[in-house]
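Here is a short briefing to read alongside the model. Have the structure open as you go, and follow the topics in any order you like.

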Amino acid sequence: MVLLRKLPVLALVMALLLAAAPAVCAAEASITIDAQTGYILEKHEAEKKRQIGSVTKIATAMVVLDWASKQGGDLTQVAVIPEAAFVGTSENNVGFQPGDTIVLRDLLYAALVQSDNIAAYTLADHVGRAVTTLVPASRETARATPVDIFVQQMNALAKHLGMERTRFLNPSGIDANEKPFSTAADIARLTRYAMNNAGFRFYVSQKEREIEFGRGPGRLRYLLRNTNELLGHDDIDGVKTGRTQRAGDCLVLTAARPSEVMQQGTTTLVTPRRLIVVLLASPDRFGEGAATLARGWSFYDHWAAAGRPADPRDTLSGPSR
């Protein structure tokens with residue numbers, strides 16, 4: 001694990017903290033940042049390209065939510081589960097069938113809470129059809145499917161956020177026949193952006209959620225359970241797990257503590273306190289995630305006590321909003 005450049009005294013303090021901390025870094029890539037500023041508290045191989053599995057669904061959800069908020073999309077619209085959603089995925093925990101009908105909001109819950117691949121594909125198919133009318137016509141768009149158009153929007157979002165070492169190829173993160181990739185640093189950029197969206201924060205904070213979908217004339221219900229085992233512990237309120245054979249076990253965490261309030265004369269300064277932790281290919285993602293977060297708060301407290309000095313070279317580039 002490598003700490004970045006700091007002011008001399010702060011560098012010494014953090015180096016001593018790191019030396020005293022147990023060697024728990026086993027993930028092949030990781031990063032811990034302050035969500036407010038993007039300041040990097042700790043990182044390890046954070047720019048190394050890797051498969052990320054279902055962590056991809058953070059981008060999928062944000063394309064849907066941006067479409068809803070910026071382009072007048074309606075999350076109460078009813079989508080139809082297409083047959084193509086079942087291609088390449090062996091998991092179907094919810095028990096969806098082709099032709100089932102479900103509102104987009106419940107598909108978001110299924111994709112984010114229980115990491116359902118079929119839900120992610122259906123979101124991409126439905127929203128991709130709506131987005132197609134907004135994309136300038138070209139030879140490529142003429143041959144593209146709605147899901148292709150949606151994935152183009154995922155990559156456009158990545159470019160906007162400065163995720164220069166990321167390539168999305170599908171809405172779920174499946175990498176059996178394809179090799180989409182990203183980095184721990186890029187996923188931190190994406191998560192920082194996503195956590196600024198109140199809807200996204202609510203979705204990923206849910207331990208359980210009952211959804212409803214239609215099959216023929218009937219209605220079915222299913223209780224989703226969050227795949228993030230750390231949710232609700234140690235101030236953790238999100239975000240997403242990921243797992244494939246190529247990606248290994250991945251985990252993105254966010255945790256928030258009460259804002260710091262300081263009075264300077266007649267001015268009250270309120271500083272939000274939130275950390276983002278990204279682990280890619282961890283042999284013990286939940287154990288390592290808890291330990292990395294605890295270490296991150298220790299580094300954060302010393303950084304804050306020093307006045308939050310921030311060298312731009314030690315801060316994630318790209319917009320957070």
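**Overview**

The protein chain has 9 helices and 9 strands, where helices (H or I, at least four residues) and strands (E, at least two) are DSSP runs numbered from the N terminus. This is a predicted model, in which local features need pLDDT of at least 70, side-chain atom pairs count only at pLDDT 80 or more, and totals for chains, interfaces and linings use all residues. Residues are numbered from 1 along each chain as its sequence is written, and side-chain values use heavy atoms, with hydrogens and water left out.

**Confidence**

- The average pLDDT of the protein chain is 90, and 89% of the residues score at least 70; pLDDT is the predictor's confidence in each residue, from 0 to 100.
- Residues 4-8 have a pLDDT below 50, and this stretch has 11 contacts in the model beyond near neighbours in sequence; a contact means heavy atoms within 4.5 Å.
- Residues 15-23 also stay under 50 in pLDDT, with 11 contacts beyond four places in sequence.
- Where pLDDT is low, the predicted coordinates should not be read in detail.

**The chain as a whole**

- Of the 321 residues in the protein chain, 51% are buried; buried means under 20% relative accessible area, exposed over 50%, and partly exposed in between (1.4 Å probe, protein chains only).
- The accessible surface of the protein chain is about 14400 Å², and carbon and sulfur atoms account for 51% of that surface; these areas come from the Shrake-Rupley method with a 1.4 Å probe, and for residues only the protein chains shown count as cover.
- Taking contacts between residues at least 6 apart in sequence, 65% join residues at least 24 apart.

**Aromatic pairs**

- The model has 5 aromatic pairs, counted when rings of Phe, Tyr and Trp (its six-membered ring) have centres within 6.5 Å; planes under 30 degrees apart count as stacked, over 60 as edge-to-face and the rest as tilted.
- Tyr109 and Tyr203 are edge-to-face, because their ring centres are 4.6 Å apart and their planes stand at 70 degrees.
- This pair links distant parts of the chain, with Tyr109 in helix α3 (residues 104-113) and Tyr203 in helix α8 (residues 198-204), 94 residues apart.
- Both partners are buried: Tyr109 has a relative accessible area of 3%, and Tyr203 one of 4%.
- Trp297 and Tyr300 also pair edge-to-face, at 5.5 Å centre to centre with 80 degrees between the planes.
- Trp297 and Tyr300 are 3 residues apart in helix α9 (residues 285-305), so about one helical turn separates them.
- Trp297 and Tyr300 are both buried, and together with Tyr39 and Trp303 they form one aromatic cluster.

**A charge over a ring**

- Arg257 places its charged end over the ring of Trp297, 4.2 Å from the ring centre; the rule asks for NZ of Lys or CZ of Arg within 6 Å of the ring centre and within 35 degrees of the ring normal.
- Arg308 has its charged end over the ring of Trp303, 6.0 Å from the centre.

**Helix α3 and what follows**

- Helix α3 is mostly covered, with 9 of its 10 residues buried; among them are Leu104, Asp106 and Tyr109.
- Gln114 lies in the loop between α3 and α4 (117-132) and counts as buried because its relative accessible area is 11%.
- The side chain of Gln114 reaches the backbone nitrogen of Arg225 at 2.8 Å, a polar contact (a pair of N or O atoms within 3.5 Å; within protein, one must be able to donate a hydrogen and the other to accept it, and residues adjacent in sequence count only if both atoms are side-chain atoms).
- Beyond four places in sequence, Gln114 is in contact with residues including Asn93, Tyr109, Tyr222 and Thr227.
- Ser115, which follows α3, has a positive phi near 55 degrees.

**Asp100**

- Asp100 sits in the loop between β3 (78-80) and β4 (101-103), and its relative accessible area of 1% makes this residue buried.
- The Asp100 side chain reaches the backbone nitrogen of Gln97 at 2.7 Å and makes a polar contact of 2.8 Å with the side chain of Arg215.
- Leaving out residues up to four places away in sequence, Asp100 touches Ala79, Val80, Ile81, Gly95, Phe213, Gly214 and Arg215.
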